[in-house]
Every structure is written in C-alpha cells, then in structure tokens.
Amino acid sequence: MKENLKKQGMQKKKGKIINYIAPSLLIRHLPTSIEYTVKKISFKNKSPEIIAYRYSGKKENSEKVYIVIPEKDFDKYEPV
C-alpha cells in the first residue's frame, strides 16, 4: 500500500504531532516520477513545508535544484 507524505509525515497522538519525515528521505513526485531528497522541514504560518532537492544534468556537471513543497501538495508525493 502506498502512502502519501501527508499520511506518513504527520500522525496525531493525543493532540501531539509526531514527525516521520526527516532529512535525507527520498521522495517521488507521483505525476512525473521525479525523485527528490528532503533537505529540511520548516513551518510557514504554522503549516509544514518540505524543502527538497534533486540533481539536474549529467553527473559531472550536475547542480542541485531546490523546490518547496507546501502541505497542500503532500499528497502528490510518496516516500521511495
């Protein structure tokens, strides 16, 4: 069974949120199958967002491309 990041990332337990998304977690964008590595999790206006990156180009000339994933888009990603 595939779980999206929203289901995996946060679980309420007696009013507390337990975070299962951690740096270095590999995630996949479901519509495009592009994989990203989680850099960090931050909060903007009390909503979590994920900062992730992938490498672009060939290995010898690759650069990190960063994206910010807001909580509303967590269901578009899954852990790899």
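Predicted model: local features only at pLDDT ≥ 70, side-chain atom pairs only at ≥ 80, totals over all residues.
Modeller: Buried means under 20% relative accessible area, exposed means over 50%, and partly exposed lies in between (1.4 Å probe, protein chains only). Residues are numbered from 1 along each chain as its sequence is written, and side-chain values use heavy atoms, without hydrogens and water.

Biologist: What is the mean pLDDT of the protein chain?

Modeller: Of its residues, 74% reach 70 or more. The mean for the chain is 79.

Biologist: Which element has the highest mean pLDDT?

Modeller: Helices (H or I, at least four residues) and strands (E, at least two) are DSSP runs, numbered from the N terminus. The chain has 1 helix and 7 strands, in the order α-β-β-β-β-β-β-β. Strand β2 (residues 16-19) has the lowest mean, 48. The highest, 93, belongs to strand β6 (residues 63-70).

Biologist: What share of the 80 residues in the protein chain is buried?

Modeller: The cut-off for buried is the one given above. By that cut-off, the buried share of the 80 residues is 28%.

Biologist: How many aromatic pairs does the structure hold, and what angle lies between the planes of Y36 and Y77?

Modeller: Rings of Phe, Tyr and Trp (its six-membered ring) pair if their centres lie within 6.5 Å; planes under 30 degrees apart are stacked, over 60 edge-to-face, the rest tilted. The structure holds 3 aromatic pairs.

Biologist: How many residues apart are Y36 and Y77?

Modeller: Y36 is in strand β4 (residues 35-44) and Y77 in strand β7 (residues 77-79). Y36 counts as buried because its relative accessible area is 8%, and Y77 is also buried at 8%. Their pair links distant parts of the chain, and the separation is 41 residues.

Biologist: Which residue lies over the face of Y53?

Modeller: Y53 forms one aromatic cluster with Y55 and Y66. A charge sits over a ring if NZ of Lys or CZ of Arg is within 6 Å of the ring centre and within 35 degrees of the ring normal. At 4.4 Å from the ring centre of Y53, the residue over its face is K64.

Technical notes:
pLDDT = per-residue confidence, 0-100.
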